[in-house]
Amino acid sequence: MNIPIININDYNNNKLNINKQIQNGIEKYGFLYIISDIITNKDINNIIKLSKQYFDLKNYIKYSHIHPSNSARRGYSGINTENFASLIGISNISNDNVEK
């Protein structure tokens, strides 16, 4: 299996094509590899640090950011509360067992 490699350097001028590549990578392979000169290792390390700080918060704080059930998936989703497969039209797979 060849995991798709997607270069996002020209994202502002090529959003539709890059979005299609990302969607294809997720739907067909479940994985993708993004390369970019505009996202630095410092940026990535900062994102990881901030994510860890957020997921280390107490549940009552995270659940105050939960997304409404009838809206797009924006906000906190606790363990076993969301089913990614259903978002892409697959209904016979159980809920994801991760926080998002």
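What you see is a predicted model, where local features need pLDDT of at least 70, side-chain atom pairs count only at pLDDT 80 or more, and totals for chains, interfaces and linings use all residues. Residues are numbered from 1 along each chain as its sequence is written, and side-chain values use heavy atoms, with hydrogens and water left out.

Next, select residues 15-29, helix α1. Its 15 residues should span 21 Å at 1.5 Å a residue, and the end C-alpha atoms are 21 Å apart, which agrees; the expected span is 1.5 Å times one less than the number of residues.

Now pick Tyr54 and Phe55. The structure holds one aromatic pair, and this is it: the ring centres are 5.4 Å apart and the planes sit at 80°, so the pair is edge-to-face. (Rings of Phe, Tyr and Trp, its six-membered ring, pair with centres within 6.5 Å; planes under 30 degrees apart are stacked, over 60 edge-to-face, the rest tilted.)

Last stop: Ile66, in the loop between α3 (59-62) and α4 (84-87). Select Tyr76 too: the two C-alpha atoms are 4.4 Å apart, although the residues are ten apart along the chain.

Definitions and conventions
Helices (H or I, at least four residues) and strands (E, at least two) are DSSP runs, numbered from the N terminus.
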